[in-house]
Structure formats: C-alpha cells, structure tokens
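Good morning, colleagues. Please keep the sequence and the model in view while I speak.

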Amino acid sequence: MNDLSQKQRDTADRDEYEALILDSVDRFLARDVKPVAQRLEHDDTYPAEIVERMKELGLFGAVIPQEYGGLGLRPSTYAKIIERIAKVWMSVSGIINSHLIMAYIVAKTGTEAQKRHFLPKFATGEIRGGLALTEPDCGTDLQAIRTFAQKDGDSYVINGTKTWISNGIHGTCFALLVKTDRNIQPRHKGMSMFLAEKGEGFKVSRKLEKIGYKGIDSAELIFDNYHVPADRLIGGEEGKGMVSAISGLELGRLNVAARGVGVAAAALDEAVRYSQQRHTFGKPIHEHQAIAIKLADMVTRVTAARLLTESAAAAVDRGERCDFEVGMAKLFATEAAVENALEAMRIHGGYGYSKEFIVERLYRDAPLLVIGEGTNEIQRITIAKRLIEKNPI
Ligand SMILES: Cc1cc2nc3c(=O)[nH]c(=O)nc-3n(C[C@H](O)[C@H](O)[C@H](O)COP(=O)(O)OP(=O)(O)OC[C@H]3O[C@@H](n4cnc5c(N)ncnc54)[C@H](O)[C@@H]3O)c2cc1C
C-alpha cells in the first residue's frame, strides 16, 4: 500500500466504499423487495416500507455530494444500483430517480443557499419529490409549456397544469419548469425552474392509471395562484430553466438506460431458467434451436446494453458533454428491455401470459422506458445530429 500514490489510495478507498454500498443494495433487494414486488405491483400499492429502508440506506442521497449529506456516489455507481433495483422491481428505481434528478439539478445549477437548505433534506429522504416538466399538451416539445410564473414582489404566482408526474402524490417538492416570459426568442430563454413545495394553490388533481410501472404514483398537478418565494427560483436567475432541466435529464437518461439493462437482464434470467425446466418433445425447450436462438440474442442484447451504459456512465463521471453516449445507451438498452421482455414471454408459452410469472410484469414495465426521459425517436434524432457535428466535412 505504501508504494501507491495518494490518488491510487483514494481510488482504492472509493472503490471499496462503493462496493460496500452495492453489497448492501443487493441484500436489501433480496430481503425487502423481491419477496413483495409481485404482490405490491399487482395491487398498485405504494411500497412505503421499501421507501423507509431506502432512506436508511441513504439511497435518496445517492448522487448528492457528501458535503451536503449525500453518499456522493459517482453516476456510474448509481447506474449499477439502478440496474440492480430494476432487475427486481422497476418501479422502485423510479421512486429515487425522479427525486435524484431534482437533487442533481439543485446540486448542478442551484444557488449555494438552495443547496445548503434543500440537499441535506433530500439526502435523508425527509423531503422527497421529483421533476415536473410534462403538461397535458406537451412532453417532447417542452418549450411549448404554458405553466406561467408571474413575478409579484418577493414571490412568484404560478398557474398551470403538469401531468404524468412521478411521485406526484407521495412527494412534497418538485423541480417545476415554467415560463417566465412568453414572448422572448429563442423560447427557452423565457423558461425558468422553481423548487415548488406543496402548499396552498398546489394540488394533486388525480392519480393516473397505468398498464405497468405500478406502485409508484403518477399524478396530475394543478397550480392555481400558487405563491412561491423568489428565492426558490433555481439558480436565482430567470431564463435558465432549460439548462437546469437538461442537466437533470442527463442523469435521468443514464438511469433509464440502467433500468433497461435491469429489465432486459431479468427477462433473460427468467427465460434461461424456464427453458431448462420446461420439456417438450422429450427435451428441455432450450435444446430446440428456435428457443436457443432467442436466448443467444437476449444475452447478446443484455451484454451490449450493459457495456454501452457503462461507457455512457463513465463519460458522465468525467463531466463531459455526453448526450451522444447517454442517448445511445438509453436507446439501445430500452429497446433491449422491450425485445427481451417479449421474447421471455414467448419462451414461457401460455404461462408467460399468466400473472403468476414475473415475465408479464416485465412485459408491462418495459415499454415505458422507450417513452420516458426523452422518447427513443428523439434520442435517435439527437444521436444523428451529434454524429454529424462530430464529423463535419
Ligand atoms: C409512467 C410515466 C411517468 C412519467 N413521469 C414523468 C415525470 O416524472 N415528470 C415529467 O415531467 N414527465 C413524466 N412523464 C412524461 C414523459 O416524459 C412524456 O410522456 C414524454 O416526454 C413524451 O411526451 P408526450 O407524452 O407529450 O408525447 P409527445 O411529445 O406528444 O410525442 C408523441 C409521439 O411523437 C413523437 N415525436 C414528438 N416530437 C417529435 C419530433 N420532433 N420528431 C420525431 N418524433 C417526435 C414522440 O417520440 C412520440 O412517439 C412520464 C410519463 C409516463 C408514461
């Protein structure tokens, strides 16, 4: 050890610290999540006890810097945690993800006072919440949002509606994207982001029913003359809302890529097990070439998705611009999740359609991944744009 440089010692300490955390996440998943996931998901029950355990593990502060009370994990380690969680029950990863996007936005673009006030409470899970961008009339075209914040002395008055907001019912604080200027060009200069805590004028109008991703609440939020103090404007300056949102979505997309790997890997595990248990025509079904070919494609997709996600996560760790890398990881891993979930279902034959087997849940959960945090259509457009920018003639 004496021969090692300080930097090597720091790296070894950090690797050991992060390995310990991954170990405790594995134990938590095996003991507290796996046995109850299927039941809670089918009942669409918010996993309150799991949330308490995640608080104890410090997961609500996973990427919050240690100086503000978080675990200070690198995004690459966070991605490994998310892959593990999603492999067991994807909804649980959403409970920390949208919360951590909000925290990441504050850590990256908030004022020092906002960091000191909010981050320690976000880290313990005392204040939990998420990200409120989407509106009934727009999701992809965020610059078309209508929620408006009007300056009024030392505060702003906000009116508008947000929809599909994860943690909308059980969360109490949201990174809320609004317009502060409707006329300015380009449109993003008229956008700002606030830390909006529930209170008078901020109400949950309804819980949204979904085909999958159950347990976690998705809600519509209404702001009706909601007053927010001016010091809740993230970064303290109007017009920076899109910059804040984009900085958060970088972590969000990495998370969705990691979820894709987790779901694709879970489908593979189920298929590998079942194809050895189930016999037809006198042999286990994996010995039929039609099934063997599916298994080969599935494991190849999982391996490639994981490698792309690790490579994107390393770029996020280095603090580089990485919409290209994260976009490719998100695109590939989430399509892999959808394909693997369907293949696992087919390999299970009729049982794949039964609620007694896990593959039906994977099949319902996976499609969300191609929609959330920027649809895969938009990922393709961004990837192609960056490709040309990187290779001008
Ligand atoms: C379960 C769930 C949870 C969610 N959680 C959150 C949350 O916590 N916070 C939040 O703010 N939002 C959340 N969302 C919303 C989600 O981010 C949006 O649904 C998503 O961004 C797509 O927006 P949209 O639904 O308005 O689709 P639209 O933008 O209307 O797109 C419709 C279709 O057109 C395509 N399209 C649109 N524009 C283009 C273009 N320029 N080129 C090519 N194709 C295009 C899209 O890819 C899509 O296929 C959630 C959604 C779901 C279903």
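Predicted model: local features only at pLDDT ≥ 70, side-chain atom pairs only at ≥ 80, totals over all residues.

Which residues come nearest to the ligand? There are 22 residues around the ligand, and Leu133, Gly139, Thr140, Ser166 and Thr375 come nearest. By class, the shell holds 11 nonpolar, nine polar and two charged residues.

Why is the ligand placed between two domains? Residues of the shell come from both domain 2 (130–239) and domain 3 (243–390), so the ligand lies between them.

Let me now turn to the domains themselves. The protein is divided into domain 1 (6–128), domain 2 (130–239) and domain 3 (243–390). Taken over C-alpha atoms, the centres of domain 1 and domain 2 are separated by 24 Å. Contact between these two domains involves 24 residues of domain 1 and 21 residues of domain 2. On the side of domain 1 that touches domain 2, helix H1 (6–43), helix H4 (90–109) and helix H5 (112–124) each supply at least two residues. H4 gives the largest share of that side, 11 residues. The classes on that side are 12 nonpolar, nine polar and three charged residues.

Helix H3 (residues 75–88) deserves a remark of its own. Its 14 residues reach 20 Å from the first C-alpha to the last, close to the 20 Å expected at 1.5 Å a residue. Of the 14 residues of H3, 14 are buried, so H3 is largely enclosed by the rest of the structure.

In soluble globular proteins, nonpolar side chains tend to be buried together. Here the largest nonpolar core has 119 residues, of which Val263, Ala264, Ala267 and Ala341 touch the most other members. Helix H6 (residues 241–277) provides the largest share of this core, 16 residues. Setting aside neighbours within four places in sequence, Ala267 is in contact with Met298, Asn340, Ala341, Ala344, Val359 and Leu362.

With the same exclusion of neighbours within four places, the contacts of Ala344 include Ala267, Glu270 and Ala271. Ala344 and Leu362 are 18 residues apart along the chain, and their C-alpha atoms are separated by 9.0 Å.

Where does Glu373 lie? Its place is in the loop between H9 and H10, and with 27 C-beta neighbours inside 10 Å it counts as buried. Not counting residues up to four places away in sequence, Glu373 touches Leu249, Gly252, Arg253, Val256 and Lys330.

Finally, some backbone details. The peptide bond from Gln185 to Pro186 is cis, with omega near -10°; Pro186 is found in the loop between strand E4 (173–179) and strand E5 (191–197). Two residues other than glycine have positive phi: Asp44, at about 55°, and Asn167, near 70°. Asp44 is in the loop between H1 and helix H2 (48–57) and is partly exposed, with 15 other C-beta atoms within 10 Å. Asn167 is in the loop between E3 and E4 and counts as buried, with 26 C-beta neighbours inside 10 Å.

Methods: Residues numbered from 1 in each chain as written. Near = placed C-beta within 6 Å. Nonpolar A, V, L, I, M, F, W, Y, C, P; charged D, E, K, R; others polar. Domains from an automatic or database assignment. Core = buried A, V, L, I, M, F, W, Y, C linked by C-beta atoms within 7 Å. Buried ≥ 20, exposed ≤ 12 C-beta atoms within 10 Å, placed from the backbone. Helix = DSSP H or I, 4+ residues; strand = E, 2+ residues; numbered from the N terminus. Contact = placed C-beta atoms within 7 Å. Expected span 1.5 Å × (residues − 1).
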